[in-house]
Amino acid sequence: MKTIYKNDEPQEILQWKSKFKNKNGRVPRYSDLNEVENLPYKIFLKNSLISEQGHICCYCCKPIDTKNSHIEHIRPKERDEYRAISLEYENLLASCQGYHDREENCGHSKDNAFNEKLFVSPLEENCESLFEFSDRGKIKAADGNERAAYTIEILNLDTEQLNAARTEAMWVSGAMDELTEDECQRLLDKFQSVDERGRYVGFSDAIVYQLKKQLAYLTKI
């Protein structure tokens with residue numbers, strides 16, 4: 001998981017909401033986006049969220065695009081207490097469809113289960129500091145953090161498929177090589193930032209964790 005910094009809500013969506021309210025006499029709900037005439041706005045909204053996140057899943061950091069993702073509600077839209085915010089931009093992210101699109105992790109795994117006090121949101125500053133990764137890609141709660149453990153479980157982030165994908169990403173990136181301090185810092189700068197297309201490298205959270213770990217060791221030598 002990486003911290004996501006929300007942009008302002010797109011003007012196109014704000015204008016659609018205003019027109020909808022004027023026409024229907026009520027504020028739109030998320031379900032209204034599924035109406036045929038509103039689908040272009042739903043697609044625009046999802047693409048805006050994907051771009052905002054650097055084209056990675058809000059939870060597992062798998063690369064995503066329009067086809068292999070869905071609009072995720074941090075606070076579940078089907079829960080009575082959150083229905084009123086089903087279209088609140090701060091509550092919306094883009095999540096993957098599970099590894100190999102099987103819907104077994106991330107937003108689909110979370111579904112309507114949600115504990116306000118325990119869930120770690122990607123919108124939290126430095127949320128990534130609550131998670132650790134082994135050299136085999138296994139994710140775990142840093143220092144046994146209760147909130148991180150709950151979030152890993154509810155999102156089903158510790159699967160063989162995700163662990164293998166993180167391991168491959170860490171090795172391909174060079175994060176697992178023996179590096180000098182300068183090399184390590186250069187790679188950190190690279191993987192902590194989006195590229196020229198505005199994209200993060202997939203599973204960059206695990207890559208950055210290993211690089212920071214190695215850099216901390218090198219600076220102590």
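Biologist: Which residues does His 73 touch, not counting residues up to four places away in sequence?

Modeller: His 73 touches Tyr 30, Ser 86, Asn 91, Leu 92 and Lys 110, where contact means heavy atoms within 4.5 Å. This is a predicted model, in which local features need pLDDT of at least 70, side-chain atom pairs count only at pLDDT 80 or more, and totals for chains, interfaces and linings use all residues. Residues are numbered from 1 along each chain as its sequence is written, and side-chain values use heavy atoms, with hydrogens and water left out.

Biologist: Why is His 73 called buried?

Modeller: Its relative accessible area is 4%, and buried means under 20% (exposed is over 50%, partly exposed in between, with a 1.4 Å probe and protein chains only). His 73 is therefore buried.

Biologist: What makes α5 and α7 oblique to each other?

Modeller: Their axes cross at roughly 55° and come within 9 Å. Axes are lines fitted to C-alpha atoms, for helices over the stretch in contact, with angles from 0 to 180 degrees between N-to-C directions. Under 35 degrees counts as roughly parallel, over 145 as roughly antiparallel, 65 to 115 as roughly perpendicular, and the rest as oblique. The two helices are therefore oblique.

Biologist: Which residues make that contact?

Modeller: Arg 166, Ala 169, Met 170 and Ser 173 of α5, and Ala 206, Ile 207 and Gln 210 of α7.

Biologist: What do the buried residues of α7 pack against?

Modeller: They pack against β3 (131-133), α5 (160-173) and α6 (181-191). Among these buried residues are Leu 211, Leu 215 and Leu 218.

Technical notes: Helices (H or I, at least four residues) and strands (E, at least two) are DSSP runs, numbered from the N terminus.
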